[in-house]
Amino acid sequence: MAEVVIPIGPQHPALKEPVNFRIIADGEKIVRLELDLSYNHRGIEKAAEQRNFIRVLPLLERVCGICSHSHATNFAKGVEEIMALEIPPRARYIRTIIAELERMHSHLLWLGVAAHEIGFNTLFMWTWRDREAVQDTLEEMSGNRVHYGMNEIGGVRRDLTPAQIQAALSRLPVLEERVRQYRQMVESEETLLMRFRGVGRLSKEEVLKYGAVGPTARASGVDYDVRKDDPYLAYAEVPFNVVTDTSGDVYGRTRVRVGELGESLKIVRYCLEHIPEGPIRADAPHTAPEGETLSRYEAPRGELAHFIRTNGTDKAERIDIRTPTLANWTSVAVCLVNQNLADIPVIVAAIDPCLSCTSRLTVVNRNDGTAGVITFDELRRRRDRQWDRQELR
Amino acid sequence: MTDSLFLLVYIFLFPGFAFLILYAWALSFLDRKIAARMQQRVGPPFYQPFADFIKMLAKEVINPRGVDWRLFDAIPLVALAAVMTAFLYIPVTGASPLAFPGDLVVVLYLLSLPAVALFLLGWLSRNIFAAIGGVRAVTMLFIYEVPFFLAALTPALMAGSWSISDIVLWQQKNLWFVFLQPIGFVVALVGLQAKLERTPFDIPEAETEVIAGPWTELTGRRLALMDLCVQVSLVAGSALIVALFLGGPALPWTLSPPWLNALAGFLLFLIKTLAIILILASIRVATGRIRIDQLNDIGWKYLAGAALVQVGIALVINYLWVTP
């Protein structure tokens, strides 16, 4: 077959969110690809700058439906840093418990999606069944399955009762057993090995060059985890290991995630058993002094960075969110080349892309390469012009 | 008169088309239900395949721009007709009245037609995903067809006849071929799984890669008929394996009156095809989808090799043990 252009997305069964790849393939081999991002720009950063800190938290929680706690915690952490506010230990532990439960449900979800991409629907159904146990725990603690609403500047909004802690502890043995089972499955199931081994390989050098983060980086042997390298919340006190792998392919990323499931279970167990008594929030001022910070957080998908600049009011002057997916995109585009057409879904899924969280807009003038801002009126004019053109057609 | 009436009943009612379609729906339901229970899902109600069929018949038929709609209408019908015809030669209650020396070859070729039909559909669709799926379907045909044919023809080699009914008769007198040719049985099962495009061989219609492959542009009654074609292939394929390797509907002794004999044979047929479905569903649930280049490796290195070894063993047994 000659070279053909295969459009994947923005609507495609393998993609849960809109993104567009134009794959130029020679038969079943990918020659090169063009990536078209940002179908779903939602203007959250701008909206966050219009609200005071109390109202920003629920908004940032909605950046992502899966790592909602990550965004809220990261922002709260950054603002507390600027305010020089120390939060009570019990609040730190509760935030850690929710964060690790979130990582577990995210990784279980990912394992199911990756299995579905290679048509292994049994694993998909099983992991999503077990994810329900995690979600039930989260619902018991926070009242919600997706957006937990636990954070507040200065601490958390809800305390954990002894009964909730007991209920969570009672679910852990089953999950531990299941995670053991999944690890065994991932390492021995033949079709899974055939589809994951040697697919989408990234060397350690490539990972460092393209700045990949999270499980994608750790699968290539880059020992980088914000929880260990720049400890926040309760991570400095909790014993846990950073899971790495040396294979650098989809198989390695799967092993890292399944390993992290085990580590998260250990962290949750430790935190639930060692949670200190005391208040759950400190009294926070309404305004933050002038200052800026780069708040970092190990989200399930990798390092999440919030840049926050405050100016002495109760609103942030600038919030910039760098999601892990954005850091990982380049590595995907690199490792797709020369791969098999059939491996696209699984390679793309291997970074666990969260596309709508990543959508940003920069207007670049193609002629001189300058980037800038366009006004709302200009945006409307352009839209009207486009509509006119469509009507003429 | 009674003879031609019997033939009409055989072809159109039992065990011909009417029974075939009902049984196809029943097996397709069981296949889905077994898979669902293994995956810890609830699964569909028993009438789901029938309901799907009726629903799709009622849906609008959409002609993609620039596509020859006559061919698009005809291909699913041809594919369905081919597999339904194939089933007529496979013994259900006893030897098929339509049997003739050589019907095994006809059945094998008729069962290959759906794959060719899928390729044509994909090629005609003028849709890149359908085209890729169609090319994959026909590539797969070249990979699994040789081992499947070899495995299916080895019983004929031993029984000394190209007629499925005669092969069943031979097994009734001697021994089931599954015991004489276990390798061939496994190869035939794997080949059937690939023929029916079920996981791990659902490469042409891999949802996450090529949408629905050749099925992408099928709508309404075309989709309904093509779906029915696959369900009927499931029955015809498993019935063929039952007849070739598991002794078909034949009992080791003859019961009287004849109708009791036929009834017992029919029950045996049901039990054996259900067992085959159970195996096929388990394979489907326990695996992920492999890539076409990996299938190529497996198909030619192992499946074809194993089938050839089986042919060799069969020839040696034939030489040593001159059958009565």
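In the predicted model, strand 1 of chain A and strand 2 of chain A, the latter spanning residues 20–26, are paired in the antiparallel sense over six bridges. One position of this pairing is given by A:Ile8, whose bridge partner in strand 2 of chain A is A:Phe21. The two strands belong to an open sheet of three strands in chain A, arranged in the order 1-2-3 with antiparallel pairing. Strand 1 (3–8) and strand 3 (29–36) of chain A lie at the edges and have a single partner strand each, so that one side of each is left without a neighbour in the sheet. On average, and with direction ignored, neighbouring strands of this sheet are turned by 20° against each other.

Chain A also meets chain B, where 23 residues of chain B are in contact with 25 residues of chain A. On the side of chain B that touches chain A, at least two residues each are supplied by helix 10 (207–210), helix 12 and helix 13 of chain B. By class, the residues on this side of chain B comprise nine nonpolar, seven polar and seven charged.

Within chain B, helix 9 covers residues 182–195, and its 14 residues reach 20 Å from the first C-alpha to the last, close to the 20 Å expected at 1.5 Å a residue. This helix of chain B is mostly covered, with 11 of its 14 residues buried; among them are B:Phe185, B:Val187, B:Leu189 and B:Leu192, together with B:Gln193 and B:Lys195. The buried residues of helix 9 pack against several other helices of chain B, namely helix 5 (103–124), helix 6 (128–159), helix 8 (177–180), helix 11 (220–245), helix 12 (258–286) and helix 13 (292–320). Just after helix 9 of chain B, a positive phi of about 55° is taken by B:Glu197.

A further helix pair in chain B is formed by helix 3, residues 48–58, and helix 11, whose axes come within 7 Å and cross at roughly 150°. Because angles over 145 degrees count as roughly antiparallel, helix 3 of chain B is described as roughly antiparallel to helix 11 of chain B. From helix 3 of chain B, the contact involves B:Pro49, B:Phe53, B:Met56 and B:Leu57, while helix 11 of chain B contributes B:Gly220, B:Arg221, B:Leu223, B:Ala224, B:Leu228 and B:Gln231. Classified by residue type, this contact of helix 3 with helix 11 of chain B has seven nonpolar, two polar and one charged residues.

Technical notes:
Residues numbered from 1 in each chain as written. Chains lettered and ligands numbered in written order. Predicted model: local features only at pLDDT ≥ 70, side-chain atom pairs only at ≥ 80, totals over all residues. Helix = DSSP H or I, 4+ residues; strand = E, 2+ residues; numbered from the N terminus. Expected span 1.5 Å × (residues − 1). Buried ≥ 20, exposed ≤ 12 C-beta atoms within 10 Å, placed from the backbone. Contact = placed C-beta atoms within 7 Å. Pairing = 2+ DSSP bridges. Axes fitted to C-alpha atoms, helices over the stretch in contact; angles between N-to-C directions. Nonpolar A, V, L, I, M, F, W, Y, C, P; charged D, E, K, R; others polar. Parallel < 35°, antiparallel > 145°, perpendicular 65-115°, else oblique.
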